[in-house]
Amino acid sequence: MLQGFPPVVDQDTHTLILGSFPGVASLDATQYYAFKQNQFWRLVSASLGTDLVSLDYEQRLQGLLAHGIGLWDVFHSCVRAGSLDSAIRDGKLNDFCGLQASHPQLRKLCFNGQTAGKMAAYFKQRGYLTAILPSSSPAYAMRSFEEKLRDWQVELGPVTP
């Protein structure tokens, strides 16, 4: 059974980007989106107009938080060989009730890809704004970086009251 990471959030986090579960490179590095070919940091940097790519990992996280954006995954733990979302088995959900109780300012959840996005309706019923983003994974090559970026830019913009 593989274990995921804690959430990256603070009291100013209004938007949370949810992946499904960290891949092998991320688990090995103990860092979200550590696989070099994953487009996550490029997409977020271009969406926010802030270069996070050239920063070290802790600075990247601080840069996200400075924009009110946090990170987490849908699953706390799972069984999986490799890094493909389609290989996830026996996934156990993270404690989203606890997160909602401790972070009432959190209003929007952006799901990084379709696997994570399967939870969107569940969260929408709980009062969150939700959006399913095109996956930043290199395995999702049906859309170009530029096509993905358009959707990411729309959803990572300011949250209106």
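Begin with the largest nonpolar core, which has 43 residues. A nonpolar core here is a set of buried Ala, Val, Leu, Ile, Met, Phe, Trp, Tyr and Cys residues joined through side-chain atoms within 4.5 Å. Buried means under 20% relative accessible area, exposed over 50%, and partly exposed in between, with a 1.4 Å probe and protein chains only. Select Ile 17, Trp 41, Val 44, Leu 71 and Phe 111, the residues with the most contacts inside this core. Then highlight helix H2, residues 40-48, which gives the most to the core, with five residues. Helices (H or I, at least four residues) and strands (E, at least two) are DSSP runs, numbered from the N terminus.

The model is predicted: local features need pLDDT of at least 70, side-chain atom pairs count only at pLDDT 80 or more, and totals for chains, interfaces and linings use all residues. Residues are numbered from 1 along each chain as its sequence is written, and side-chain values use heavy atoms, with hydrogens and water left out.

Next, centre the view on Ile 17. Leaving aside neighbours within four places in sequence, Ile 17 is in contact (heavy atoms within 4.5 Å) with Phe 40, Val 44, Ile 69, Gly 70, Leu 71, Trp 72, Cys 110, Asn 112, Trp 152 and Leu 156.

Move on to Ser 136, in the loop between strand S7 (129-133) and helix H7 (145-155). Is Ser 136 buried or exposed? Ser 136 is buried, with a relative accessible area of 1%. Not counting residues up to four places away in sequence, Ser 136 touches Tyr 33, Asn 38, Gln 39, Phe 40, Leu 43, Asn 112, Lys 148 and Trp 152.

Now display the open sheet, in which three strands follow the order S1-S4-S5 with antiparallel pairing. Strand S1 (2-3) and strand S5 (89-93) are at the edges, each with a single partner strand, so one side of each has no neighbour in the sheet. Two strands pair if DSSP finds at least two bridges between them; S1 and strand S4 (residues 75-79) are joined by two. To locate one end of a bridge, select Leu 2, whose partner in S4 is Cys 78.

Finally, zoom out to the whole chain, which contains seven helices and seven strands. Along its principal axes, the C-alpha trace spans about 40 × 35 × 30 Å. Of the 161 residues, 46% count as buried. Among contacts between residues at least 6 apart in sequence, 59% join residues at least 24 apart.
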